[in-house]
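Morning, everyone. I have a short tour for you today. Let me put the sequence and the structure on the screen.

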Amino acid sequence: KVKEHAFALFRRGQEVAAKRGLILVDTKYEMGYDANGVLCVGDEVHTPDSSRYWVQGSYEKRFAEGKEPESLD
């Protein structure tokens with residue numbers, strides 16, 4: 001269940017990032033179950049503190065040139 005929710009959150013994060021010209025590269029999620037057994041996210045989601053972003057517009061050119069991606073982490 002945790003894995004399923006983590007991948008769903010990541011896919012959604014990628015969609016939102018792409019609309020803003022960014023690539024969500026990786027992130028972390030802190031999850032746990034509450035007293036009622038409900039899975040909850042326990043920390044921030046997709047912030048610069050928990051995620052790594054690359055600038056979509058410059059990614060392909062920099063990759064082709066062997067350069068590091070323009071990063072916003």
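I will go through the core, one serine, the aromatic rings and the salt bridges.

Ground rules. This is a predicted model, where local features need pLDDT of at least 70, side-chain atom pairs count only at pLDDT 80 or more, and totals for chains, interfaces and linings use all residues. Residues are numbered from 1 along each chain as its sequence is written, and side-chain values use heavy atoms, with hydrogens and water left out.

Start with the core. A nonpolar core here is a set of buried Ala, Val, Leu, Ile, Met, Phe, Trp, Tyr and Cys residues joined through side-chain atoms within 4.5 Å. Buried means under 20% relative accessible area, exposed means over 50%, and partly exposed is in between, with a 1.4 Å probe and protein chains only. The largest such core has 6 residues: Ala-6, Phe-10, Ala-17, Leu-24, Tyr-29 and Tyr-53. Which element gives the most to this core? Helix 1, residues 2-19, with 3 residues. Helices are DSSP runs of H or I, at least four residues; strands are runs of E, at least two; both are numbered from the N terminus. Take Ala-17. Beyond its neighbours within four places in sequence, Ala-17 is in contact with Leu-22, Leu-24 and Tyr-53. Contact means heavy atoms within 4.5 Å.

Next, Ser-51. Ser-51 lies in strand 4, residues 51-55. Buried or exposed, this Ser-51? Buried, because its relative accessible area is 7%. Setting aside neighbours within four places in sequence, Ser-51 contacts Leu-24, Asp-26, Thr-27, His-46 and Asp-73. There is also a polar contact, side chain to side chain, with Ser-50 at 3.5 Å. For that term, a pair of N or O atoms must lie within 3.5 Å; within protein, one must be able to donate a hydrogen and the other to accept it, and residues adjacent in sequence count only if both atoms are side-chain atoms.

Now the rings. Phe, Tyr and Trp rings (the six-membered one for Trp) pair if their centres lie within 6.5 Å; planes under 30 degrees apart are stacked, over 60 edge-to-face, the rest tilted. How many aromatic pairs does the structure hold? It holds 2. In one, the centres of Trp-54 and Tyr-59 are 5.4 Å apart and the planes sit at 10 degrees, so that pair is stacked. In the other, Tyr-59 meets Phe-63 with centres 5.9 Å apart and planes at 25 degrees, so this pair is stacked too. Tyr-59 and Phe-63 are about one helical turn apart, because 4 residues separate them in helix 2, residues 56-64. Look at accessibility along it. Trp-54 is buried at 19%, Tyr-59 is partly exposed at 24%, and Phe-63 is exposed at 58%.

Last, charges. A salt bridge needs a side-chain nitrogen of Lys or Arg within 4 Å of a carboxyl oxygen of Asp or Glu. The count is 6. Among them is Arg-12 with Glu-15, at 3.4 Å, N to O. These two are 3 residues apart in helix 1, so about one helical turn separates Arg-12 from Glu-15. Another joins Glu-30 and Lys-28 at 2.8 Å, N to O. Lys-28, Glu-30 and Asp-43 are linked in a network of salt bridges. Lys-67 and Glu-65 also meet, at 3.3 Å, N to O.

That is the tour.
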